[in-house]
Amino acid sequence: MRRAIWLLLALALVVAYPLVFTTPFQQRLGALILLYAIAASAWNIVGGYAGQVSVGHVVFFGCGAYASMAAYSHFALPPLVGIPAGIVASVAIAAVIGVPTLRLSGHYFSMATIAVAELARLIVTNTEYLGAAVGLSGPTVPRTVFDLSFISALPYYYLFLTVLLITLGITWWMTNSRMGFYLRAIRDSERAARSLGAPASRVKLYAFMLSAGLTSIAGALYSMMFGFVDPESGLGLLISVKMLIMAALGGAGLLFGPLVGAAILVPLEEISNNLLGGKGAGLTYVVYGAIIVLIARFQPGGILALINRLWAKRKPAEAPVAQRAPHAS
Amino acid sequence: MSFAVNRDGFDRVIRGAMSFVLVQVIVGGLLLGAVYALFSSGLTLVWGMMNVVNFAHGDFVMLGMYVAYVVYTLLGGGPLLGAPLATLLLATLGIVVYFALIRDIMKGPMLAQILGTFGLALLLRYSVFWWFGANFQTLPESLVGGTFDIFGIRIQASRLLAGGVALLVTLGLHLLLTRTSLGSKMLAVAEDSTAAQLMGIRPDSMQAVAWAIAAGATGLAGALIANFFYIVPTVGETLGIVAFVTVSLGGFGSVPGALVAGLLIGVIESLSGYLIGAIYKDIVVYTLFLGFLWFRPQGLMGKM
Amino acid sequence: MKFKHIVGLLSAAAMSVALAGTASAQDKTVKIGAVFPLSGNAASAGVHAKAALEVAMDIVNNAHPELGNFPLAKGAGLAGLGGAKVDVVFADNQGSPATGQNQTLRLITEEKVVALTGAYQSGITLTASAIAEKYGIPFVNGESVAANLTERGFKWFFRVTPVASDFAKIYYEFLQDMKASGAKTDNVAVVHDNTEYGTSVASVITSAFKEKGQSIALDIAYAVNATDVQSQVLQLKEKKPDVVIMIAYAPDAILYAKTMQALDYKPPMIIADDSGYSDPSFIKAVGKISQGAFNRSSWSVGAPGSATAIIADMYKKKSGDEMDDTAARQMQGFFVLCEAIDRAGSTEPAKIQAALKATDLKPDQLMMGYKGVKFDDKGQNILAAGLMIQLQDGENYVAVWPKARAEKAPIMPYKGW
C-alpha cells in the first residue's frame, strides 16, 4: 500500500512539473527527459531485463523517425501515420536479425547490433528516397493538430508522459508474466534456464521484437518534435549509447531505472552545455564525462539501485526483495 | 546519387587481373589493414583477457597521436623519440586509469563498463580539446621520409613503418603471452582468477600489467599513425569503431586474430572502394562482418 | 519492485530549475544569439566562427575610424539605437540538430535575444531556424548552402551567402574562360563526400553543367571522415580528367592532398569548393604540396591598409589563424544583421524583419566580394557572388578571376609540390 502511495505522489509531481516550471526551456527539458526515458525504457526490456546488451538499438529508433518523416515528405500525410509503419519495420528487422544475432554471446551480440545499426545508417545515407545525407523534414507549419508540430512543449510533455506510462505499463505487465519469469532466469544463467525447459531463444526474440517496436515509437515522437531526421540524428551510434547509459545509470532491469537515468543525464548535459558550451572550450563534455565516470565507478548498478538499497537499509522490516543488477552474459 | 553499382568496376576486374593498379590497391589495403591491426592489438588484449569493453580505446590512440605532435612541435623530434615516449606515457596513463576506474567497473556488469569507459572517452577527448583546441594538426611528410617507389608501386614510408611495427607488435605480444612466464600468469588470471590466486598469482597486478601493456601498444600505434593521418581530438570516434570491428572479427583476445582481421578488413575496404565505389566500402565491410559473426561467432581465431 | 525515484526526479527537477533560467534585462545592449558547433567533429569551424563574430562585435561596439566607410565601424555601438552595444550570446549546437534547436529555444526564451545567426551545418540551421520562425525571431545565416533552407516559405529566415547554384555558375564560367586561353577543360571529375554538403553541391554542379551542355566525366563519391582515400585517387589517376573539382571538408581534404602526393598524382587543374581547402588547418598542413589549387571564395584579403586587410589582421590576432572564406561569410552575415537592426532603430523583431527585407547594401559596404546584399522573398541574397582564388605560393590564396577583380593571373597547370 505504501508503494502505491509513493507511486501516486511521484506521478502527481511528474504531472505537475510543467505547470510549476513554466518557462519554455524548462518545459522542453521535461519533454526531452520523458522522450529519452521512453527510448531507454524500451531498450531496458531487452538490455536490462533480458540481459542482452544491444548497442545498435538506434536502428529501431531510426525506423520510427524515418517512417514518420517519410509519411509527410512523400505522401503529405501527418507524421503520426508513419508510426504503425515504423513499428512494423522495426519489429520485422528485429525478427530477421534477432534469430541469428541472439544466438551470439555477450560481446559478440553487442558488436553485431552495432554492425546492423551502422549498416542501416550507411544504406540510408546513400538512399535518395530517404533523403540520403540531407535527411527528411517534417511539416514546418502545422496543418492540423495531428501534425503534432507545436510551438509550446507542453503538449509534447503530456503526450510523451502518456506514451512513457504505456511503455512502463507494458514492461511491468511483461515482467510479471511468464515471459518475464523466463527472462529473469535467462539473465541469471541461460544454460540453467534452458536445461529447465525455458524456451530461451523464443523468449529473447519476443523481448527483442517488443523492445524494437517501442523504440520505434520513441523515434517517431522525436522526429515529430524536432521536425527533422538525418542519418546522424536518426541512426547514429551515439543515440544507442545514450539509451544504454541512461538505463545503466538509472538502473538497468529496474522499471523506473531508465527514467531516473534520463532525469539525471538529460538535464546534466543540457545544463553543462548552457553554462559551459558557449565558451567553445569543450568543458561541457569534460564535466559530463567526469560525472559519468564517477557514477560508473561508485555505483555500477545504477542510481536507482543505490536509492533502493538505502531505502531498504532504513526500513529493514519492510525491505522489498532485493533485485540484483544484471550480470554480464 | 542512385544506388547502382559502378559498372566500370566489372570492366576493371577483368582488366584488373593483369592490371597493375589493382596490385597498388591491394598493397595499399594491406598497409591500411596493418595499421588497423596495430591500434587494435591493445584492445583485443584487454577485451579478451579482462573482458572489458573499452569505449575509450579510440581516445587512447588519439592521445598517442598528440604525444607525437607535442614531441614534434616542442622538440622537433620524430617517431624515434615520439613513439617510445607515447608508449611510456600511455602505459602510465593505463595504470592510472586501471586503478582509478577499470578495476572497479570490471567487477560490474558489461553495462557499467560501457558507461564508465564512455564517460572516460568524453573526459579524455574534451580535455585534449580544451588544451589543444579544435584545429586539425598534421606532422610534416618530411618527418618520415616520403614515398618509396618499388616496381611502380608507391608505398608511403610512414605507412610502411606503421605496418612493420604492427607486425612486430603482434609478434611481440603473442610471444609475450605464450612464451614468457609473465604471459602465462596473465593468461591464468584471464582464465580463472580465483584459481590463479590460489596458485600465488596476484590478479590485480596481472590485470594492471595487461592494461598497461595494452595502453602502451595503443599509444605506440597513435604516435606512428600521426605521421600520415590528421590529428584532432575527435579522431578517437572514427578509429574506435574500426578497432571494435577488427577485434571482434579477429576474435576477442586473439592478437594474431586482430592482425589477420585487420589485414582482411584493409584489403576488402580498399578493393571495394576501388571496384564498387568508396561510399559502399563500409557497407561491404559491415555486411561481411555481420555475416561472419552469424556463421562463425567466435571470430577468425577467437577461442570460445 | 522498488521505486523511490522521487528523490532522483525531484533533484533532477530542482537542478534543472535552479540553473536553467538566466534571463537578463539590460536595455542598453542588443542581444544576438549565435548557435555554432563548438564541440564535435565540426568544432574547428565553430570555434573560428566564434572568433570571427567576436571581432565583428568589437568593430560594431567600438570606434574604428581606420575602417573608413565600413558600416557600423566608425562609431561605437549602434547609432540607430542610441549607441546601444551588441552582445553576442554563443551556444554550442554540439553538431546535433536536436541540441541546435534546444539551444536556439533557450536563447530566444531565456536569453531573450532579438535575432539569431548560425548554425554552420545545414541540418542544424534547418531545425534552429524552424524554432526561430515559430517564435517570430529573425534568423540570418551567413554560411549554410543547402538549397532547401530557403524553400520552406519562411518569413524570418535570411541567407546572405551564395548557394550551390551560384558556385556551379562560377565554376562553369571560369572553366570557359580558361578554355578560351588554351586549357583543356572537357573532362571534369567531381569528388565529393556523402554528407548533405557534398551530395547537394555535387548534384547542383552536375545539373548546372549539363544544362550548358557539358556532362561530368567522373563522379567519385566517398564516405566522409575517411581513413584512406587511395582507391579514389587511383581512380582519378587512371581516368586522367582535365579538371578535378574537390568538394570535401578539411580532414578529408588533407588526406586527399597527402595521398595524391604519395601516389604521385597531379591533375592538370584542381578546383576546390571552399570548406576543406580553405580551412587554415589545411593550408598549414598541406598547403605546400597543393600549390596551384583553385578555390572559390567570396573573400580576399585585399590590398594592405584596406578595410578587409585590417579585419583580416584583427581576426588573426583573435584566432591565431588566417581568415578563411567560411569565417568571413559568417562575419558578413552578422554585419548584415547588425546593419538591419541599426536601420530599424528598434529591437522589436517585426521591425528588424522589415529592415532585413529592405536591405540594400552596396559592394563597397561589404567585406565580402558580393555584388551587394538584397534579399528576395524567399530570404535568399540574390546579389551573392564569388570569385576564384588560387593557392599560388602554398600559403596564401590570391584572387585570380574574374579579371576585373583579379590580383594576379591564374597559373596553369596545377603545380602540387
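This briefing walks through some local features of the structure above. Keep in mind that it is a predicted model. Over all chains, the count comes to 32 salt bridges, and a few of them get a closer look here.

**Salt bridges**

- Let's start in chain A, where Glu118(A) and Arg121(A) form a salt bridge, with their closest N and O atoms 2.8 Å apart.
- These two residues sit three apart in helix α5 (residues 106-125) of chain A, so about one helical turn separates them.
- Glu118(A) and Arg121(A) are both buried.
- Another salt bridge brings together the side chains of Arg297(A) and Asp104(B), at 3.1 Å from N to O.
- That pair crosses between chains: Arg297(A) belongs to helix α13 (residues 283-298) of chain A, and Asp104(B) to helix α4 (residues 79-106) of chain B.
- Arg297(A) has a relative accessible area of 21%, so it counts as partly exposed, while Asp104(B), at 18%, counts as buried.
- Over in chain C, the side chains of Lys316(C) and Glu322(C) meet in a salt bridge at 2.7 Å, N to O.

**Patches on the surface**

- On chain A, a nonpolar surface patch is made up of Leu8(A), Leu11(A), Val15(A) and Leu165(A), which together have about 320 Å² of accessible area.
- Helix α1 (residues 2-20) of chain A is the top contributor to this nonpolar patch, giving three residues.
- Leu165(A) comes from helix α6 (residues 154-175) of chain A and is partly exposed at 42% relative accessibility.
- On chain C, you'll find a surface patch of positive charge where Lys169(C), Lys212(C), Lys371(C) and Arg405(C) gather.
- Lys169(C) is part of helix α5 (residues 164-180) of chain C, and at 45% relative accessibility it counts as partly exposed.

**Paired strands in chain C**

- Strand β1 (residues 29-36) of chain C runs parallel to β2(C), and eight bridges join the two.
- Within this pairing, Phe36(C) stands opposite Asp92(C) in β2(C).
- Strand β2 (residues 85-92) of chain C has six of its eight residues buried, so the rest of the structure largely encloses it.

- The peptide bond between Gly118(C) and Ala119(C) is cis, with omega at about 0°.
- Ala119(C) is in the loop between β3 (115-118) and α4 (122-135) of chain C.
- Tyr120(C) lies in the loop between β3 and α4 of chain C, and has a positive phi of about 75° despite not being a glycine.
- With a relative accessible area of 15%, Tyr120(C) is buried.
- Asp274(C), also not a glycine, has a positive phi near 55°.
- You can find Asp274(C) in the loop between β9 (269-272) and α9 (280-286) of chain C, where it is buried at a relative accessible area of 2%.
- A cis peptide bond also runs from Met412(C) to Pro413(C), with omega near -10°, and Pro413(C) is in the segment after β12 (397-401) of chain C.

**A buried phenylalanine in chain A**

- Phe61(A) is part of helix α3 (residues 58-75) of chain A and is buried, at 5% relative accessibility.
- Phe61(A) and Gly302(A) are 241 residues apart along the chain, and 24 Å separates their C-alpha atoms.

Methods: Residues are numbered from 1 along each chain as its sequence is written. Chains are lettered from A and ligands numbered from 1 in the order in which they are written. This is a predicted model: local features need pLDDT of at least 70, side-chain atom pairs count only at pLDDT 80 or more; totals for chains, interfaces and linings use all residues. Side-chain values use heavy atoms; hydrogens and water are left out. Patches are made of residues with over 30% relative accessible area and no salt bridge: like charges are joined within 9 Å, nonpolar side chains (Val, Leu, Ile, Met, Phe, Trp, Tyr) within 5 Å. Accessible areas come from the Shrake-Rupley method with a 1.4 Å probe; for residues, only the protein chains shown count as cover. A salt bridge is a side-chain nitrogen of Lys or Arg within 4 Å of a carboxyl oxygen of Asp or Glu. Lys and Arg count as positive and Asp and Glu as negative; His and the chain ends are not counted. The place of a charge is taken as NZ of Lys, CZ of Arg, CG of Asp or CD of Glu. Helices (H or I, at least four residues) and strands (E, at least two) are DSSP runs, numbered from the N terminus. Buried means under 20% relative accessible area, exposed over 50%, partly exposed in between (1.4 Å probe, protein chains only). Two strands pair if DSSP finds at least two bridges between them.
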